[in-house]
Amino acid sequence: MEALKCLLRQTVVGIVIVSHSRQLALGVQELAAQMVQGQVPLAVAGGVDDAENPLGTDVMQVHQAIETVYTDAGVIVLMDMGSALMSAEMALEFLLPEQRNNIRLCEAPLVEGAVAAVVCAAAGGSIEQVLAEARGALAAKASQLGINVPTTQQPEHIEEPSEIYFKEEYTKEIHIAVSNRMGLHARPAAQFVATSSRFEAQIKVKNLTKNTGYVRADSINQVAMLGVRHGHELAISATGADADAAIAALQALVENNFGEADVPLHQSQIHATPDETFISTGAPTLRGIPASPGVAIAPSLRYAMAHVVRHQLPSVQSQQYYIDNPDREWEFLQKALRDAATEIEVLLSQTSTQIGDTEAAIFDAHLLFLNDPVILEALQDYIYVRHVNAASAWQAVVEELTNQYRTHYDSYLRSRAADVIDVGQRVLRLLLGTAAAHLNLTEPSILIATDLTPSDTAQLDTSKVLGICTTAGSATSHTAIIARSLGIPAVVGVPEGILRVADGTIVALNGGTGNVWVEPSVDIITAIEAQRSAWQTSEQRAFRNAHKNAITTDGRRMVVYANIGGVADAKVAISMGAEGVGLLRTEFLYLDRKTPPSEEEQLKVYQGITQVLESRPLIIRTFDIGGDKPVPYLNLPSENNPFLGWRGIRFCLDRTELFKTQLRAILRASAEGNIKVMFPMIATVGELKAAKAILLEVQEELRRKEIPFNDKIKVGIMVEVPSAVAIADQLAPIVDFFSIGTNDLSQYVMACDRTNPQVASLADALHPAVLRMVQQAVKAAHKAGIGVSLCGELGSDPIATPILIGLGLDDVSLNPQAIPRCKKAITQLSFIEAETIASEALKQESAAKVRELLRTFKYS
């Protein structure tokens, strides 16, 4: 920490603003600070302590301000007029001689000079360069007004940071176009920043299409502010020892579309309603922006009553105070950031399990925000230079950044302000010791709020929240994206009058048109009900094949199951046409709590799901703890690579009491449901035999207690480790089914961490190496006479359907929302066709070549 402070004090010129008016000085300071996001030490000396006549300057105030921001790089003092100059000159007399030599009094205009000075200082300019920039600050304004003013001779060249710190090092630059459809939105921006941060190089990037300046590539906020869209060209520059490697990695990341599928821009949701379905129902009470399709009528519930987190950060200005121990305050802040990261990791895991990996990626950007070097540098300035307490420092930095997003010219980036607020509230709550707020609804309602954060939305109970109505937000916000994935109708940007509606008031909304009705009349309710009926008819029309068996044109059936993470997911899955559950991820039972779930608690959940499924099959995977699923109460050891560590069945075999508790609950639930059990991460025959032995122990225990269960329960394994594929012929005879997990199998086969953006693109399930593994597992299973399924993200991509059929899979399990498209794709090709496509895919040299092959196969 001392090294950090030392570096700050050695490299950045400090700025002092002296004015007769304290309000004026603070205003100039605020304006200047916003220009550089806290990268430059700034202090003010304004006004005097006189209630009747507060205008004036005070020598000791100026002296204290200089001491506060003094660095070895020097200090520039800007003054307004008269006594301000005399006070500044006298203040120098109280400094040590070596300090006085590093101080420059500047005659530049206060506002323009301060802004020019901080920008130059933030860029690493020397004290003479900063002084020259401040003195020349009026030149641009004068030029625009057509006025000739004498200018101070500028230095021949102001060096950029790369030139200052890397003069003897190699620089490489590339220009490359961004091809993925949504440009650098949250997920690819997070990958870009994470990749940049891994190299010993100074990496900068600019948007050539928009002619922006260079920004730091390791700052999630600065990269996002570039406003990069589909087709924009980037200039990426790297200087330092790893320049070549950094450029190569970033080039590969961009060329691979950041791992995103090449889907049409603004691809419609499968549940979207045709425009003609939305008929006129009379004048709506209010109009907003359609954000998530669907119609809802229910009593309203305002955010204030529901204790939903506020749109604005709670004010802590009254709690701001001077700190004497910056190191202790910094560690206090670091702990809050670590705790926030743990919370976000849990939320990310839950979202991935219950909604999907694409939606969960939103929270990857939240994690990067916590480690953004620009944010951390600004916080260091507040705590170490200004001696401001952590909560006030955090609020100030977050508010500055939020305002930058809100005032951005790009509407997409303006909508990202909600993400900044989301992270800001989370950390501030931890700093203030405030308990987390939870939305506990007792009856179905339409939620009314100024805005909802992505975190709030991801945790909504879809059986209770029938609709969302907010005064802020946009259709491209992450909140709207998650609402669409959850199938909750939503209207955003509604006039603020909606916030005055009393709780319990009947509200209707149409998420497809943006119309909202408050206390609708009987006629309007009738019309809206008709509209809802029309919408449901449209849904039924869109899903008319989803509830039929998926059969190829030559008569081969593929069963389509759902991956779920709870009772609510099961209901959605059935509505989408799922023929059962191919993967119940039970980790959700263990997350976001202080103790493990009891046997009775688990039993209740499993029974609830079987009731929804009726006689349809339910495959329960025993919990796969470790890797990317943090569970603090289990005291898991820190591992260099948790994906290769103590996780899955390895953990269960060591913590047998936890394992047995879950197995008892599963077996008891099997007495009334069509339940199968599946073990994750099986790598050896020994592991499988050990797991089955423990299952037999639990069965014997239940028999002795005369507790009913299905003693013929089928047992399967996840095939997600290369060793399991290699010995599939030995594993298949001792299980009832295989389920291939392509998410983990891809990263293990390709030797890459799929959470590491630098190499994540290698973990592509369409790579021929992975497809050959799938083929090998399928052949071994069929030779042993058992069924084989696939439950990875690959199944959710309809472009891959021909290969899955062609490789001979018996069934596939995927996210519920993808089921209708998958079933439609299955019915549009023959098995012979699919076999030919799969055979050709196995001969390709890369995933890109496989995709190119698949794009030549057309089905509508």
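In this predicted model, the axes of helix α6 (residues 110-122) and helix α7 (residues 127-135) approach within 8 Å of each other and cross at roughly 150°. Because angles over 145 degrees count as roughly antiparallel, α6 is described as roughly antiparallel to α7. The crossing in which α6 passes α7 is right-handed. On the side of α6, the contact is formed by G113, A116, A117, C120 and A121, and on the side of α7 by Q129, V130, E133 and A134. By residue class, the contact of α6 with α7 comprises six nonpolar residues, two polar residues and one charged residue.

The relative accessible area of S196 is 4%. Since buried means under 20% relative accessible area, S196 is classed as buried. When neighbours within four places in sequence are set aside, the residues in contact with S196 are I203, A217, D218 and L250.

For the protein chain as a whole, the secondary structure consists of 36 helices and 25 strands. The chain has 860 residues, of which 56% count as buried. Among contacts in the protein chain with a separation of 6 or more, 73% are between residues 24 or more positions apart.

Note on methods:
Residues numbered from 1 in each chain as written. Predicted model: local features only at pLDDT ≥ 70, side-chain atom pairs only at ≥ 80, totals over all residues. Heavy atoms only, no water. Axes fitted to C-alpha atoms, helices over the stretch in contact; angles between N-to-C directions. Helix = DSSP H or I, 4+ residues; strand = E, 2+ residues; numbered from the N terminus. Parallel < 35°, antiparallel > 145°, perpendicular 65-115°, else oblique. Left-handed = near helix turned anticlockwise from the far one by under 90°. Contact = heavy atoms within 4.5 Å. Nonpolar A, V, L, I, M, F, W, Y, C, P; charged D, E, K, R; others polar. Buried < 20%, exposed > 50% of the residue type's maximum accessible area, 1.4 Å probe, protein only.
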